[in-house]
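Biologist: Can you take me through this model? Start with whatever terms I need.

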Amino acid sequence: MNKTRLLAFSGIGLVLAGCSLAPTYEKPETPVPTVWPAGSAYPVPDASAPRADEVKWQEFFTDARLEKLIETALTNNRDLRLAALNVERAQALYGIQRAEIFPSVGAQGRGGKQQRSLDLIQPGQPRTVGQYSIDLGIAAWEIDFFGRIRSLSDQALEDYLATDEARRAAQIALVAEVARAWLTLAADRENLKLAQSTFESQTQAYALVNKRFEVGMANELDLKRAQVPLDTARGDVARYTQLVAQDRNALDLLAGTPVAENLLPSDLSGVSPPKPVGGGLSSEVLLRRPDVMAAEHRLKGAYANIGAARAALFPRISLTTTIGTASNQLSGLFDSGRGTWAFTPQFVMPIFDARLWAALRVSKTDREIIQIQYEKTIQTAFREVADALAVNGTIDDQLAAQQSLTAALADSYRLATRRYDKGIDGYLSVLDAQRAHFAAQQGLTSLRLAKMASQVRLYAVLGGGADAEDALSDQTNSASRP
């Protein structure tokens, strides 16, 4: 058989390949309402607001310090590096599986001499013989007549795409977590300043009560009551000092490197708020979330796995073929008449193998499991967005009420202090007013933090913060075509 015949047989195999027994993929119905929840807790949808997944994180975050910190985290964070390496690994595994579709052509050369026993040769035959050969051919190439290998290749492709979407989801989570930790540090530093200021004022108040006690104008009960907010403020200073240190440690871990002080906020009042975004009018935006897309790719891979399990029930045809040359002398290896060829097809037909039928049932059950997981992912995403919308729809009212409460308690504290100084009321009224005012100030800081954090949360759960779509899908889809 010459080289032309070898190529002809290979061409026949390629023509036969391509039949697939995988079921046609059907996208499941979205198991959530098509519109976002409505009611008193939710804001009126703003169609003019940019959609979160269309706004780059560099545009969403308007504070230059936070932008720089996020860039550092995207470069150095170890979890994101692992996610990227998992993508590279999945891509390599897909390349290995896809290569099974095509024949592997190799060359092999052999040569050697052998001295035989005189008892084993006929008179006149040489005692020393040599044999040399060079072969070019295909070894045990399975002709994918029923699409088993192609189905496995499609599954590997979907695993690769799902892994890449998981990387994008990890980036969204990292961006949001860096922003949340950064804002938390700002809030804790503001609370630390408040605690320090309160401690200073309570130190002065205790000194005044102590003087009044020494001259007999205040009793011991007032002195002990004045000591309560002083010790409380001292404990708050220590507690917020600890929280600030822990916030710094969390940011260092997220950034993958120690964060410079000039990138950190001093308090919430100096933080530039994020850009407003919306979720559009339809919940179909969830289908573009990376975690949802990853779940769908895994579902498509389950369909392909069924095709591979079905194809395993049908015959397998493999081909081994070589062309080459052989001679008993190395110098005569390429002389006329030394050509060799071999053509060895192999046919394997499973007659009874209960394992193959069990594997088919497993693949069908896996598809149902993965479909339920896909639907649950969408439902979870819908709830996350709905919760974030509920916070964004009510946080302004809470903030306004807390600001009014804080102002009223500040006046109450001021008036109670004045009445005590004039001897009208005891120190207990001052103590109660001071506690309420301090708690209101802390609550105001917490709500300001909650407002910014909820904006970041809404941006993340709507799919904002990932890299823009690149040509990856187009490249892999074109690579998957024969």
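Modeller: Helices (H or I, at least four residues) and strands (E, at least two) are DSSP runs, numbered from the N terminus. This is a predicted model, so local features need pLDDT of at least 70, side-chain atom pairs count only at pLDDT 80 or more, and totals for chains, interfaces and linings use all residues. Residues are numbered from 1 along each chain as its sequence is written, and side-chain values use heavy atoms, with hydrogens and water left out.

Biologist: What follows helix 5?

Modeller: Gly216, with a positive phi near 85°.

Biologist: And how many residues does helix 5 have?

Modeller: Helix 5 (residues 148-214) has 67 residues. From first C-alpha to last it reaches 95 Å, close to the 99 Å expected at 1.5 Å a residue (1.5 Å times one less than the number of residues).

Biologist: Over how many bridges do strand 1 and strand 2 pair?

Modeller: Strand 1 and strand 2 (residues 128-143) pair over 11 bridges. Gln114 has Val129 in strand 2 as its bridge partner.

Biologist: Where does Ile351 lie, then?

Modeller: In the loop between strand 4 (339-348) and helix 8 (354-421).

Biologist: Buried or exposed?

Modeller: Ile351 counts as exposed because its relative accessibility is 77% (buried is under 20% relative accessible area, exposed over 50%, partly exposed in between, with a 1.4 Å probe and protein chains only).

Terms used:
Two strands pair if DSSP finds at least two bridges between them.
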